[in-house]
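Dear colleague,

Please read them with the structure open beside you.

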Amino acid sequence: MRAPPRGPRREPPPHRGRLPRAGPARPRLPLRAPLRRGARPLRRGAPAGATARRPPGRLLGGGVVTALLALGGITKRYELERRVLPRLLGRRRPHLAVDGVSLAVERGDVLGLVGESGCGKSTLAKIMLRLEDPTEGRVVLDGTDLTALRGAALRPHRRRVQMVFQDAGASLNPRKTGATLVGEALGLAGLPRRDHTARAAELLRQVGLDAGLLARYPHELSGGQKQRLAIARALAMGPDLLVLDEPVSALDVSLQAQILMLLMALRDRLGLTMVFISHDLALVHHLCNRVAVMSAGRIVEAGSPAEVLHRPRHDYTRRLLAAVPRGHHRTRIAT
Ligand SMILES: Nc1ncnc2c1ncn2[C@@H]1O[C@H](COP(=O)(O)OP(=O)(O)OP(=O)(O)O)[C@@H](O)[C@H]1O
C-alpha cells in the first residue's frame, strides 16, 4: 500500500467506523486500482474488525474512491443438475462462470468488455446490476457495497445502473406503448407525472427518434427503433452507469453504425459512463477508452484500446484479434 501523502494534518472523520447517511462529503475508498482477487477488507489496511463494525451497505471512510463501480474478487458458480450418474458423482456439479474478477469503472469511462462466447461477460454484467448475486466478491457502486444490500435497501442503487440488452424487442413489454414504457421509468426515477410527456419526447429526440413513436407498441417499431427506445427507457432512469450487452449484434451493419454513433454522441454530450459488451473488437475500439479482455471467466488483459488491441500482451487477446476477419474489421481497428 502506498504511504499517504505528507501534508497538513487532517481532522479525523466525525464518525470513525460509521459513515454519514449520504451526501457529497461521503468518505470514499481508495479503489482507483483494480481490486486484487479476494481482497479483504475493501479498504486495504483497515484496522482488524473494521469489516465487522461496518453498517450494511456502507463502507468505512478514510480514503478516496474514484471508481464509480468497483468489482472486487467476483466469482460466480452455477450449480448445475447432473444428469449422468447423479448417484455416483453427486446430483449437483458446479460451473464456474466468473472466476475472481476485479475491475474498476471510473466516471466517464466507456469500458469495452470483450471475449468469446461463454466466457462470462453477460454473467458479469448481471452481477454489476445485481440481477445475479455473486458467489463471492463485492460490487461497490459509488462507495456503497451493493452486495450487502437486499430488497428495498438495494432498489434505489439498482436504478443507478441500467442495462440495454442485445434483443431490445424481448426486453420491452409488448403490451405497453413507448409512452408507458418510458413513463414508468420516469416515474421510478421520481419525475412528477405532469412532466412525463415532455421528458419522454425529449428523451426520444436524444436517441434520434420522432416523439410520435411513443404512441406505438414495440411490435410496431423496427429493430433499430426498438433498440433506441430501450436506450431512451434506460436513460429515463437517470443512470450513473449504462451496461450495454451486445446492443448492436442483432442489427444489420448500417443500423449498427447508427446506434454506435448514437452511443458516441451520448457519451460526448451526457458524459455517460458505460460498459459496452461486445464480440466486435472494431466497435470497442471506436467507442471505448478502456478495454478488458475476458477468457474463461477471468480478465486476462485490460488497458487502453491502443495498448490492448494494437499491442496485446496476452496470447488469448492475440488469438481473438487473429480471429477477426481480414479486410473488414482489421482495417477498422487499424484506423
Ligand atoms: N443461469 C445459468 N445457469 C447455469 N449456467 C449458466 C447460466 N448462465 C450462464 N451460464 C454459463 O456460464 C457461462 C458464461 O455465460 P455468459 O452468458 O456469461 O457468457 P457470455 O460471455 O456472455 O457469452 P455470449 O457472448 O455468448 O453471450 C457459460 O458457460 C454459460 O453456459
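The UniProt record, which is an unreviewed entry, carries the annotation "domain: ABC transporter" for residues 80-321. Please keep in mind throughout that this is a predicted model.

Of the contacts with a separation of 6 or more, 69% are between residues 24 or more positions apart.

Turning to the ligand, the residues that surround it include Tyr78, Leu80, His95 and Ala97, and also among them are Gly115, Ser117, Gly118, Cys119, Gly120, Lys121, Ser122 and Thr123. At least two residues of this shell are supplied by each of β1 (67-81), β2 (92-106) and α3 (121-128), with α3 giving the largest share, three residues. When the shell is sorted by class, four of its residues are nonpolar, seven are polar and one is charged.

Strand β3 (residues 110-114) may also interest you. Five of its five residues are buried, so the strand is largely enclosed by the rest of the structure. Val110, Gly112 and Val114 point one way from β3, whereas Leu111 and Leu113 point the other way, and all of these are buried. As for its partners, β3 pairs with strand β8 (residues 273-278) in the parallel sense over five bridges, and in this pairing Val114 stands opposite Ser278. β3 also runs parallel to strand β9 (residues 290-295), to which four bridges join it, and here Gly112 stands opposite Val291.

Is Leu260 buried or exposed? Leu260 counts as buried because it has 20 C-beta neighbours inside 10 Å, and the cut-off for that class is 20 or more. If its neighbours within four places in sequence are left aside, Leu260 is in contact with Val248, Leu283, His286 and Leu287. Arg158, by comparison, lies 102 residues from Leu260 along the chain, and the C-alpha atoms of these two residues are separated by 25 Å.

With best wishes

Note on methods:
Residues numbered from 1 in each chain as written. Predicted model: local features only at pLDDT ≥ 70, side-chain atom pairs only at ≥ 80, totals over all residues. Near = placed C-beta within 6 Å. Nonpolar A, V, L, I, M, F, W, Y, C, P; charged D, E, K, R; others polar. UniProt positions renumbered as here; feature names shortened; annotations may be inferred. Contact = placed C-beta atoms within 7 Å. Buried ≥ 20, exposed ≤ 12 C-beta atoms within 10 Å, placed from the backbone. Pairing = 2+ DSSP bridges.
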